[in-house]
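Visitor: Please give me a close look at one part of this model, the place where its chains come together. I would like the cut-offs along the way.

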Amino acid sequence: MKRVLIIDDDPIVQRVYRRHFSDDGFEVRVASDGAEGLHEVQAFNPDAVLLDLNMPDTNGVDWLKEVRADPRFARLPVLVLTAGAIGWQVWAASHSDVAFMFKAGAVPKDVVRAINDAIEVAAGRGGPVARAGVVRVIGRTPRH
Amino acid sequence: MNIEILRDAASGDFAFARELAREYLDFMAVQFRLLHQALEGGATSQIEHAAHLAMGSSLTCGALQAGALFRRLEHAAREGRLDALPALLAAAEDEVALERQRLHELLFSRAGPGDFP
């Protein structure tokens, strides 16, 4: 069974994505802050991570640096799902091999598909979703 | 309320959409309490974080106008514009109150299992 770790302190995001990933056959774990996320990466050994950038105890960029420093997780597929990122965060995260989606435009099914694609890429089977140094912003155009 | 976004979030499951809507409104009540406490204490970092969370939840559920107001609140707190915060918080509360009414009409006023309009 595929495993995904959701790191986000937003209970609505947790609920929505737990449901969508479970429906797609994933085993899902949820972490509400960076420290819990680091613990779960080690303990759960996920196939992919859905990561928020704004966490109570750290930011996603520093979290990524720490995780990427461990050779076991240097190529772990990570998809950043954020309500809003400022420029330096996008720049820094883009150097940590991630894909980006914004909550305003994200369709949960597309997020699940992107994670599946990223897992395939990491396994050497799929298309170019999460290549190093490339920020891909995917999802529908935000509507207001 | 953008019902298409809510329907996508709920995977087309009307009962789950109702659950999400209830959780969203409960979560907003908690966030507003935190925001008022932080505003009284001048704790801009707490305002920024609470507004950011409220923005993410709103956007995920399709409450886009509320999400936009929380974004403005978050930015004002980050920039230390204390004078702008009370009006933005009041506007966000008014918008969420409207969303509560819309959600009631869309999801909770229908008897039985219901379906999306």
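Guide: Of the 144 residues of chain A, 52% count as buried, meaning under 20% relative accessible area, with exposed meaning over 50% and partly exposed in between (1.4 Å probe, protein chains only). This is a predicted model, in which local features need pLDDT of at least 70 and side-chain atom pairs pLDDT 80 or more, while totals for chains, interfaces and linings use all residues. Residues are numbered from 1 along each chain as its sequence is written, chains are lettered from A and ligands numbered from 1 in the order written, and side-chain values use heavy atoms, without hydrogens or water.

Chain A has 5 helices and 6 strands, taken as DSSP runs (H or I, at least four residues, for helices; E, at least two, for strands) numbered from the N terminus. Along the sequence they follow the pattern β-α-β-α-β-α-β-α-β-α-β. Among contacts in chain A with a separation of 6 or more, 66% join residues 24 or more positions apart; contact means heavy atoms within 4.5 Å.

Now to the meeting place itself. Here 27 residues of chain B are in contact with 25 residues of chain A. About 2,300 Å² is buried between the two chains, 56% of it from carbon and sulfur atoms; this is the accessible area (1.4 Å probe) lost on putting the two parts together, summed over both. Phe16(B), His52(B) and Thr60(B) supply 21% of the area that chain B buries against chain A, more than any other three residues.

Between the chains there are 3 salt bridges, each a side-chain nitrogen of Lys or Arg within 4 Å of a carboxyl oxygen of Asp or Glu. One of them joins the side chains of Arg19(A) and Asp13(B), at 2.9 Å from N to O. On chain B, helix 1 (3–9), helix 2 (14–41), helix 3 (44–61) and helix 4 (64–78) each supply at least two residues of the side touching chain A. Helix 3 of chain B gives the largest share, 9 residues. By class, that side of chain B has 12 nonpolar, 8 polar and 7 charged residues, where Ala, Val, Leu, Ile, Met, Phe, Trp, Tyr, Cys and Pro count as nonpolar, Asp, Glu, Lys and Arg as charged, and the others, Gly among them, as polar.
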